[in-house]
Amino acid sequence: MPDAPTLADFIETAGLFRALAHPLRLAVACGLARRPATQAEVVAVLGRPQSTIAQHLAKLRSAGVVSGRREGAQVVFQVTDPAAVAVIEAVCRQRHNKVLQEITWDELGALDWNSI
């Protein structure tokens, strides 16, 4: 039988929700859960300034949602927290009636990110 959740478990989970609480961060995490990408690729797809994407990636990284690995001169980001993938997957199914693998970077890029 699994152990009962602790206060630390709830605090950690609340941190995950805080990290995903911004629409752009949620979209970035959704895209990165689907397929790894560089910061430049995320900027190109979402059409937001490099500095904005960098700040959101930094928040996701500090929360342990994503990690980056160096490939030559670039860093490739991906979601590494299984709990984040589960939350994103649940949101996709409940809110969009899609599984995560059906949501593409192109769909995320077609949204009007200038309105937030």
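Predicted model: local features only at pLDDT ≥ 70, side-chain atom pairs only at ≥ 80, totals over all residues.
1. The nonpolar core. The largest nonpolar core comprises 30 residues. Leu 32, Val 42, Leu 46, Leu 60, Val 65 and Val 79 have the most contacts inside this core. Two or more core residues come from each of the elements α1 (7-19), α2 (23-34), α3 (39-46), α4 (50-62), β3 (74-79), α5 (82-96) and α6 (105-109). Helix α2 supplies the largest share, with 7 residues.

2. The buried side of α3. Which residues of α3 are buried? They are Gln 39, Val 42, Val 43 and Leu 46. These residues lie on the same side of α3, because they cover an arc of only 100 degrees around the axis. The cover over the buried residues of α3 includes α2, β1 (37-38), α4, β3 and α6.

3. Val 42 within α3. Val 42 is one of the buried residues of α3 and is also among the residues with the most contacts inside the core. When neighbours within four places in sequence are left aside, Val 42 is in contact with Val 28, Leu 32, Ala 37, Gly 47, Ile 53 and Trp 105. One of these partners, Gly 47, comes just after α3 and takes a positive phi of about 70 degrees.

4. Ala 19 in α1. Ala 19 belongs to helix α1. Is this residue buried or exposed? Ala 19 has a relative accessible area of 5%, and it therefore counts as buried, the cut-off being under 20%. Apart from neighbours within four places in sequence, Ala 19 is in contact with Arg 25, Leu 60, Ala 63 and Val 65. Of these, Leu 60 and Val 65 are also listed among the residues with the most contacts inside the core. As for Glu 102, its C-alpha atom is separated by 23 Å from that of Ala 19, and the two residues are 83 residues apart along the chain.

5. The largest pocket. By class, the lining has 11 nonpolar residues, 1 polar residue and 2 charged residues.

Conventions:
Residues numbered from 1 in each chain as written. Heavy atoms only, no water. Core = buried A, V, L, I, M, F, W, Y, C linked by side-chain atoms within 4.5 Å. Buried < 20%, exposed > 50% of the residue type's maximum accessible area, 1.4 Å probe, protein only. Helix = DSSP H or I, 4+ residues; strand = E, 2+ residues; numbered from the N terminus. Contact = heavy atoms within 4.5 Å. Arc of directions from axis to C-beta. Nonpolar A, V, L, I, M, F, W, Y, C, P; charged D, E, K, R; others polar.
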